[in-house]
Amino acid sequence: MRKIFYSLLLIIATTSIKAQVSGKHIGSTGVGGDLSIQDNNGKMIPIGAQEDTKGNPLLLDYWTFGTVYLKNGIKFTDTALNFSLFEDKLYFKRDNQFYIVAGVISEFVLTPSGAAADTIPFRFINGYPATSTSNENSFFQILNDGKKYQLLKWQHKKIRDAYSYGGKAETEYVNQLAYYIYDRSSRKMLTIGSKANSANIKNTLSVDESTWKAYSENHPANTKSEKAMIEFAGYLNSL
């Protein structure tokens, strides 16, 4: 087994005047810690990751620019952020070390750049009513945000045992997801299901057939995609 070194890094910082004026992130906004794992090749493994587990516990395969909004009204930016779907926590990277963003976060936006610059920004918000898979502190990605409805995507990664005949037992990160509609008027979370399909939105919201027909005449017939869900939610919000 590879040699593992553990280092406990405790960050204690306060939000400085410079941070408030420039909007740049200067350390964390409270008390935060990170147990980082380094193998003998110098490779850093984020907290929450397990040695030899296949896959990635994070949302993205790279670290990216982002904006963070705290519940106390403070806003800051950072050039190296990523979101752990395994822990439902936001991280930043400094000198190849990984740290949890301290402070109570209400919203954050990850904006890919470089080779991934054409990717739509990832916007996450918490504070929604609890569901069977989440609580009010859980983060949801907003796919469409309108005056009537918000189309939300919940993601989580768990560790699962993977077996192969005649081989050794291994573990891997497995992604879980579910789609929801947040009804602004009733303040309720409505489950859409785990499969991308705009027809599921129609059925969940009991959209009348005339509205569905009017929408279908000007949009692709294939309803089984996330893009189709976003377009239909946008259409309903425009009515």
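Thr223 counts as buried, at 19% relative accessibility, where buried means under 20% relative accessible area, exposed means over 50% and partly exposed lies in between (1.4 Å probe, protein chains only). This is a predicted model, in which local features need pLDDT of at least 70 and side-chain atom pairs count only at pLDDT 80 or more, whereas totals for chains, interfaces and linings use all residues. Residues are numbered from 1 along each chain as its sequence is written, and side-chain values use heavy atoms, with hydrogens and water left out.

**The chain as a whole**

- The protein chain has 4 helices and 13 strands; these are DSSP runs, numbered from the N terminus, with helices being H or I of at least four residues and strands being E of at least two.
- Of the 239 residues in the protein chain, 43% are buried.
- Among the contacts in the protein chain with a separation of 6 or more, 52% are between residues 24 or more positions apart, and a contact means heavy atoms within 4.5 Å.

**The sheet**

**Strand β4 and its neighbours**

- Strand β4 (residues 64–70) is largely enclosed by the rest of the structure, because 5 of its 7 residues are buried.
- On one pairing, β4 joins strand β5 (residues 75–84) in the antiparallel sense over 5 bridges, and Val68 stands opposite Phe76 in β5.
- The hairpin of β4 and β5 has 4 residues between the strands, and Gly73 in this hairpin takes a positive phi near 95°.
- In another pairing, 6 bridges join β4 to strand β8 (residues 105–111), the two running antiparallel, and the bridge partner of Thr67 is Val109 in β8.

- Strand β11 (residues 149–162) pairs with strand β12 (residues 170–183) in the antiparallel sense over 14 bridges, and Ile159 stands opposite Tyr173 in β12.
- Strand β12 is also joined by 5 bridges to strand β13 (residues 188–193), which runs antiparallel to β12, and Tyr180 has Thr191 in β13 as its bridge partner.
- A hairpin is formed by β12 and β13 with 4 residues between them, and Arg187 in the turn has a positive phi of about 60°.

**Helices α2 and α4**

- Helix α2 (residues 198–205) packs with helix α4 (residues 226–238) at an angle of about 40°, their axes being 8 Å apart.
- That angle makes α2 oblique to α4, since angles under 35 degrees count as roughly parallel, over 145 as roughly antiparallel, 65 to 115 as roughly perpendicular and the rest as oblique.
- In this packing, Ser198, Ile201, Lys202 and Leu205 of α2 meet Ala228, Met229, Phe232 and Leu236 of α4.
- The residues of this contact divide into 6 nonpolar, 1 polar and 1 charged, where Ala, Val, Leu, Ile, Met, Phe, Trp, Tyr, Cys and Pro count as nonpolar, Asp, Glu, Lys and Arg as charged, and the others, Gly among them, as polar.

**Two buried loop residues**

- Asn197 lies in the loop between β13 and α2, and it is buried, with a relative accessible area of 12%.
- A polar atom of the Asn197 side chain lies 2.9 Å from the backbone nitrogen of Ala199.
- Leaving aside neighbours within four places in sequence, Asn197 is in contact with Thr223, Lys224, Ser225 and Met229.
- Thr223 is found in the loop between α3 (209–216) and α4, and, not counting residues up to four places away in sequence, Thr223 touches Ala196, Asn197, Ser198, Ala199, Trp212 and Ala228.

Technical notes
Axes fitted to C-alpha atoms, helices over the stretch in contact; angles between N-to-C directions. Pairing = 2+ DSSP bridges. Polar contact = N/O pair within 3.5 Å; in protein donor to acceptor, adjacent residues only side chain to side chain.
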